[in-house]
Amino acid sequence: MAKESIIMSWSKCKVEVGKTGASDAMATTLKSVGIINDKSTTISGEEGEKLTAKASGGVVVAEEEGEPVITITTRVKEMDFDIESMFTGATVDTSKKELTVKSNVVSDYFSVKITPKNIGATGIKARKTHVSFKPGSSEEEGQYVDLSFKILACDDGELYKKFKVVASDWS
């Protein structure tokens with residue numbers, strides 16, 4: 001079983017997404033996923049798979065370690081129908097204020113940008129992620145969606161970029 005470790009977590013942040021562009025380009029337009037539950041956004045890693053080659057007699061002759069799996073998770077309160085539709089393809093009927101959901105499977109790749117609230121804090125941008133979309137509700141929180149973004153390697157090998165937050169990131 002792979003060990004999971006938290007690499008970063010944020011108490012307050014904004015999460016923006018857009019469909020990954022051609023050749024794994026960062027999305028040209030990013031939209032906020034909505035109001036994020038405080039202290040719900042983390043980036044964590046699980047150890048990569050280890051492949052070991054053994055010769056006769058059990059002597060290890062080669063060992064290779066796979067890239068760790070990096071996942072960003074967050075909880076969005078009362079997600080807008082338009083954003084939910086962007087992820088799942090659900091149909092929005094604005095005249096009736098209804099959303100027709102046929103699947104919660106996200107089939108496209110999405111770019112994601114996490115911007116912490118504090119100036120000078122470290123944010124993260126990933127050009128290509130696989131999104132897991134899990135709606136839920138509770139008496140305390142109302143309707144919410146748990147989003148997980150599994151960071152995928154781009155064609156050029158990039159996983160993600162870190163950046164320092166400046167005042168203009170929140171203007």
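**Entry 1. The end of helix H1.** I began just after H1, where Gly89 takes a positive phi of about 80°. Helices here are DSSP runs of H or I with at least four residues, strands are E runs of at least two, and both are numbered from the N terminus. The model is a predicted one, in which local features need pLDDT of at least 70, side-chain atom pairs count only at pLDDT 80 or more, and totals for chains, interfaces and linings use all residues. Residues are numbered from 1 along each chain as its sequence is written, and side-chain values use heavy atoms, with hydrogens and water left out.

**Entry 2. Burial in H1.** I listed the buried residues of H1 (residues 81–88) and found Ile83, Glu84, Met86, Phe87 and Thr88. Buried means under 20% relative accessible area, exposed over 50%, and partly exposed in between, with a 1.4 Å probe and protein chains only. These buried residues pack against strands S2 (13–19), S3 (31–32), S10 (98–100), S11 (105–116), S12 (122–138) and S13 (142–151).

**Entry 3. Aromatic pairs.** Rings of Phe, Tyr and Trp (its six-membered ring) pair if their centres lie within 6.5 Å; planes under 30 degrees apart count as stacked, over 60 as edge-to-face, and the rest as tilted. The Phe87 and Phe110 rings have centres 4.9 Å apart and planes at 50°, so this pair is tilted. Because Phe87 lies in helix H1 and Phe110 in strand S11, the pair ties together parts 23 residues apart in sequence. Phe87 is buried at 3% relative accessible area, and Phe110 is buried at 0%. Phe87 also forms a tilted pair with Phe133, at 6.0 Å centre to centre and 50° between the planes. That pair links helix H1 to strand S12, with Phe87 and Phe133 46 residues apart. Phe133 is buried, with a relative accessible area of 5%. I noted that ring pairs link Phe87, Phe110 and Phe133 into a cluster.

**Entry 4. Surroundings of Phe87.** Which residues does Phe87 touch, not counting those up to four places away in sequence? With contact meaning heavy atoms within 4.5 Å, I recorded Val17, Val33, Met79, Val105, Val106, Phe110, Val131, Phe133, Leu147 and Phe149.

**Entry 5. The core.** I then looked up the largest nonpolar core, which has 28 residues. Such a core is a set of buried Ala, Val, Leu, Ile, Met, Phe, Trp, Tyr and Cys residues joined through side-chain atoms within 4.5 Å. Val33, Phe87, Leu147 and Phe149 have the most contacts inside it. The elements giving two or more residues to this core are S1 (4–10), S2, S8 (69–77), H1, S11, S12 and S13.
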